[in-house]
Amino acid sequence: MASAPSGSANAKQPALISGGATSQAPPESAVGRNAIWGFIARRLLLGALVMFLVSVVIFVATQALPGDTARAILGRTATPASLAALREQLHLNRPLIVQYLDWAGGLLHGDAGQSMAAQEPVSRLIADRIINSAFLVLCAGLISIPLSVLIGAYAALWRDKTFDVVTSLATLVFAALPEFVVGVTLVVLFATTVLHVLPAVSLIPPGGRPWDQPIGMILPTLTLVLAVTPYVARIMRASMIEVLESDYVEMARLKGLSERIVIQRHALPNALGPTFQVIALNLAYLAGGVIVVEYVFNYAGIGGALRDAVSNRDLPVIQAVALLIAGLYVVLNLIADIATILVTPRLRTRL
């Protein structure tokens with residue numbers, strides 16, 4: 001009888017390590033989970049480093065603003081003695097490195113400092129305004145993100161057809177318009193000159209909330225939607241077209257899968273990967289662009305607080321708002337990176 005080849009016999013033998021235990025490769029799912037957690041840990045470390053560098057830049061930039069904080073608070077008629085006393089009270093005469101360490105240490109303990117103009121904690125001063133701005137950004141995001149994804153996906157599926165041409169032209173026009181132009185145009189059309197169906201400004205009383213006056217939220221929300229949707233829709237269209245022309249989508253079609261399954265299981269998940277990055281950037285852009293929209297519609301958000309702080313040279317408020325917007329950029333980019341890996345099959349297999 002012929003003996004089995006030595007290679008096949010050895011292949012059936014379990015590999016031994018010291019101690020007699022068998023060596024087993026970890027399951028593929030465990031390797032994938034470990035890779036994802038490692039990716040998240042690296043992103044968290046990079047995010048912490050970015051926030052540290054951003055805090056340094058914000059502190060140095062605000063200190064370089066022209067003007068004198070003490071004189072902005074006391075006025076031009078202030079005496080040198082009163083100016084010196086106020087600088088001593090506000091610790092403005094300390095070295096910059098000491099001021100930065102005090103400010104950063106307070107932030108780590110949840111203390112954003114004391115407003116120099118209002119003489120109250122910054123967190124209490126801007127808390128209500130942060131809620132108002134966050135609600136405005138949330139309303140705009142809940143409308144613009146699904147709308148832009150649908151527009152981009154359908155434009156790619158109907159490439160070079162009427163829907164694609166019309167939406168491409170419309171998104172190009174709106175992408176070229178600044179927010180204040182869109183906002184003023186909407187006010188002229190729906191609040192003042194043409195129609196009088198919506199309020200021109202959004203008046204939120206002190207202690208009130210924007211959802212108490214939903215009709216006043218329509219024009220600010222619509223302005224932000226028109227400012228964000230074009231960018232995401234165009235990226236989604238380009239990504240969807242690239243995926244639809246890829247080899248694995250063609251292979252899925254050759255296997256006999258229906259077009260609906262090809263789009264839902266293969267095309268759409270892989271096309272959403274690059275779109276998530278743009279969505280995160282645009283949501284963070286909303287937090288910065290909302291300042292202009294709030295000014296146009298007299299909306300009581302962080303835009304008004306930042307405007308007043310700059311005019312009064314209230315450095316703690318300026319620093320807190322700027323760091324808040326920068327932190328939002330970092331957090332949203334981290335969420336977008338994680339969502340991209342989890343949703344996009346092609347990228348998840350490369351970890």
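Figure 1. With a relative accessibility of 33%, Val-188 counts as partly exposed. Bear in mind as you look that this is a predicted model. Val-188 sits in helix α8, which covers residues 179–192.

**Figure 2. The whole protein, for orientation.** Let us step back for a moment before the next close-up. The protein has 14 helices and zero strands, and its pattern along the sequence reads α-α-α-α-α-α-α-α-α-α-α-α-α-α. Of its 351 residues, 37% are buried. The accessible surface comes to about 19900 Å², and carbon and sulfur atoms account for 67% of that surface. Take the contacts between residues at least 6 apart in sequence: 73% of these join residues at least 24 apart.

**Figure 3. The largest nonpolar core.** This core holds 57 residues, and the members that touch the most others are Leu-219, Leu-224, Met-236, Met-240 and Leu-286. Which elements give two or more residues to this core? They are α6 (122–157), α8, α9 (218–244), α10 (247–254), α11 (259–296), α12 (302–312) and α13 (315–343). Helix α11 provides the largest share, with 14 residues.

**Figure 4. Leu-219 and its contacts.** Here we zoom in on one of the residues that touch the most other members of the largest core, Leu-219. Setting aside neighbours within four places in sequence, Leu-219 is in contact with Leu-186, Val-187, Phe-190, Ala-191, Leu-198, Pro-199 and Phe-297. Another core lies apart from the largest one; it has six residues, including Ile-58, Tyr-100, Ala-104 and Leu-323.

**Figure 5. An aromatic cluster of Phe-59, Tyr-100 and Trp-103.** These three residues, Phe-59, Tyr-100 and Trp-103, form one aromatic cluster. The model contains four aromatic pairs. In one of them, the ring centres of Phe-59 and Tyr-100 are 5.5 Å apart and the planes meet at 70°, so this pair is edge-to-face. Because Phe-59 belongs to helix α2 and Tyr-100 to helix α5 (residues 96–108), the pair ties together parts that are 41 residues apart in sequence. Are Phe-59 and Tyr-100 buried or exposed? Both Phe-59 and Tyr-100 are buried.

**Figure 6. The stacked pair of Phe-59 and Trp-103.** Phe-59 also forms a stacked aromatic pair with Trp-103, at 5.8 Å centre to centre and with 25° between the planes. Distant parts of the chain are linked by this pair, as Phe-59 is in helix α2 and Trp-103 in helix α5, 44 residues apart. Phe-59 and Trp-103 are both buried.

**Figure 7. Val-60, an exposed residue of helix α2.** Val-60 lies in helix α2, which spans residues 28–63. Is this residue, Val-60, buried or exposed? Val-60 is exposed, because its relative accessible area is 51% and the cut-off for exposed is over 50%. To find Gln-319 from here, look across the fold: Val-60 and Gln-319 are 259 residues apart in sequence, while their C-alpha atoms are 9.9 Å apart in space.

Conventions: Residues are numbered from 1 along each chain as its sequence is written. This is a predicted model: local features need pLDDT of at least 70, side-chain atom pairs count only at pLDDT 80 or more; totals for chains, interfaces and linings use all residues. Side-chain values use heavy atoms; hydrogens and water are left out. Helices (H or I, at least four residues) and strands (E, at least two) are DSSP runs, numbered from the N terminus. Buried means under 20% relative accessible area, exposed over 50%, partly exposed in between (1.4 Å probe, protein chains only). Contact means heavy atoms within 4.5 Å. Accessible areas come from the Shrake-Rupley method with a 1.4 Å probe; for residues, only the protein chains shown count as cover. A nonpolar core is a set of buried Ala, Val, Leu, Ile, Met, Phe, Trp, Tyr and Cys residues joined through side-chain atoms within 4.5 Å. Rings of Phe, Tyr and Trp (its six-membered ring) pair if their centres lie within 6.5 Å; planes under 30 degrees apart count as stacked, over 60 as edge-to-face and the rest as tilted.
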